[in-house]
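Me: I would like to learn how to read this model. Can we go through some features one by one?

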Amino acid sequence: MAAKQSPSVVSPERQTGAGADIAALLRELVAHLRQNRTQLREEWARRITRAQLLTAMTEEEIFAEATSVYDNYVEALETGTFEALQAYARNLSERIIPRGVETHEVVGIVLLLRDVLARSLFAKYHEDFEKLNRILDAYEPAANRIANTVAVGFVQERERIIRQQQEAIRELSTPVLQVRERLLILPIIGVIDPQRARQLTEQLLRAIRTNRAKVVVIDITGVAAMDANVANHLVQTVEAARLLGATVIVTGLSPEIAQTLVTIGVDLSEMATVGDLQGGIEEAERLLGYKVVLQSELPHPATKA
Amino acid sequence: MEVPILKQGHFLIASIQSALTDADLSQLREALVLRVGKLRARGVIVDVTALDVMDSFAVRTLRDIAHMTRLRGAETVIVGIQPEVAFAMVQLGLTLKGVATALDLEEGLAFLDRFTKERFERA
């Protein structure tokens, strides 16, 4: 018998009447699950494959993960504590999220395990309906909590990854590029918050100095929304650039942004705006005295190669 | 410390070398407004490259210089504002409206050349 393999943590509530009863039932349950470990685990892995979950993983991988999830599951049932399971769920999520495993799959496999185990309990206690009921009373709340813990762990890990990626995008997304002698472009993509606006302005001012820029085109096609704060940051950036002797042209204001800015009454009269990036660059070239001419339109015939 | 004012062709160049007290700034303003008339200058360049702090009095004095010299027939351009100074100025709302600015001395001279050429050749 595999019963009482390890001393279980007994919480105070378990020591009183009904609590002690539940604890005893759970112990019996855990013993049953340990005893039938191999068979139940295989059944579970089979059902995962049949339900076409975890398609991103090979069968061996599924079986290996199923084994450790099973053991952690039984352990959580036995000890009634979820810290270890939480840590395991986080660790598991870290490994499987990059493989493209979806939330519904994770929830799906945990629910499948719950079902497989419940079925095995039906099979074992089908002659003693009274006992089956009591066992299920003890099993169901614990099983639901486990399912909950794993799902929440997975979602939290995903959110953590999303936050991390947002930060990475933020750091990468403020390039200042020189397109011609003395002409810089600054394409802004994404959300501008005060911190990013500050970083953006500092970067632009430094670039104006090092590149000796006279004209800067700030393209905000990639900015989805703008409020009064962001607009004021933009005005400040334009002013600061002017103090360094550079003219700023803002391009790519979307119809929505144009409407918002006018509605909230931001004063953009100091700002030169042009419809799109192409127009902005053409205007900048005009300011710098460049003239772009098609080769075929040159007054003197170009020498042919 | 007195700011040296150099004459270069039609232009005056005031090159600030170190942090200035309010009195120095006022003195600079008076000297420039006086010299513009005396030397028949068409442009003034104030070089502030050496300044890493600019308070509201300094900014106001620079603006006053620009407006006063304009009344005396010379355009002023402020050159060499440091990026950090520009950023701080904008945040404090000190934006030198109506005053020409340029990256450095060379740019300032080029600006004044263009500006005076337009103005005096048309006349």
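Me: Let's start with pairing. How many bridges join strand 1 of chain A to strand 2 of chain A?

Reply: Two strands pair if DSSP finds at least two bridges between them. Helices (H or I, at least four residues) and strands (E, at least two) are DSSP runs, numbered from the N terminus. Here, three bridges join strand 1 of chain A to strand 2 (residues 183–189) of chain A. The two run antiparallel.

Me: What should I know about the model before going on?

Reply: This is a predicted model, where local features need pLDDT of at least 70, side-chain atom pairs count only at pLDDT 80 or more, and totals for chains, interfaces and linings use all residues; side-chain values use heavy atoms, with hydrogens and water left out. Residues are numbered from 1 along each chain as its sequence is written, while chains are lettered from A and ligands numbered from 1 in the order in which they are written.

Me: In what order do the five strands of the chain A sheet come?

Reply: The order is 1-2-3-4-5, in an open sheet with mixed pairing. Strand 1 (177–180) and strand 5 (272–274) of chain A stand at the edges, each with a single partner strand, so one side of each has no neighbour in the sheet. On average, neighbouring strands of this sheet are turned by 30 degrees against each other, direction ignored.

Me: Which strands does helix 8 of chain A lie across?

Reply: First, two terms. Contact means heavy atoms within 4.5 Å. Axes are lines fitted to C-alpha atoms, for helices over the stretch in contact, and angles run from 0 to 180 degrees between N-to-C directions. Helix 8 (residues 228–243) of chain A lies across strand 3 (215–222) and strand 4 (247–251) of chain A. It runs at about 150 degrees to strand 4 of chain A. Helix 10 (residues 277–288) of chain A also packs on the sheet. Helix 10 of chain A touches strand 1, strand 2, strand 3, strand 4 and strand 5 of chain A, and its direction makes about 175 degrees with that of strand 3 of chain A.

Me: How do I check the length of a helix?

Reply: The expected span is 1.5 Å times one less than its number of residues. Helix 4 (residues 83–96) of chain A has 14 residues. From first C-alpha to last it reaches 20 Å, close to the 20 Å expected. Helix 3 (residues 59–79) of chain A has 21 residues and should span 30 Å; its end C-alpha atoms are 30 Å apart, which agrees. A:Gly80 follows helix 3 of chain A, and its phi is positive, near 70 degrees.

Me: Which residues of helix 4 of chain A are buried?

Reply: Buried means under 20% relative accessible area, exposed over 50%, partly exposed in between (1.4 Å probe, protein chains only). An α-helix has 3.6 residues a turn, so residues three or four places apart point the same way. In helix 4 of chain A, the buried residues are A:Leu85, A:Tyr88, A:Ala89, A:Leu92, A:Ser93 and A:Ile96. They cover an arc of only 135 degrees around the axis, which puts them on the same side of helix 4 of chain A. That arc is taken from the directions from the helix axis to the C-beta atoms.

Me: Is A:Gln52 buried or exposed?

Reply: A:Gln52 counts as exposed, at 61% relative accessibility. It is found in the loop between helix 2 (37–50) and helix 3 of chain A. B:Arg40 is not a glycine, yet has a positive phi of about 50 degrees. B:Arg40 lies in the loop between helix 1 (22–38) and strand 3 (43–47) of chain B, and counts as exposed at 69% relative accessibility.

Me: How many residues of strand 3 of chain B are buried?

Reply: In a regular strand the side chains alternate between the two faces of the sheet. In strand 3 of chain B, five of the five residues are buried, so it is largely enclosed by the rest of the structure. B:Gly43, B:Ile45 and B:Asp47 are on one side, with B:Val44 and B:Val46 on the other. Strand 3 of chain B pairs with strand 2 (residues 11–15) of chain B in the parallel sense, over five bridges. B:Phe11 stands opposite B:Gly43.
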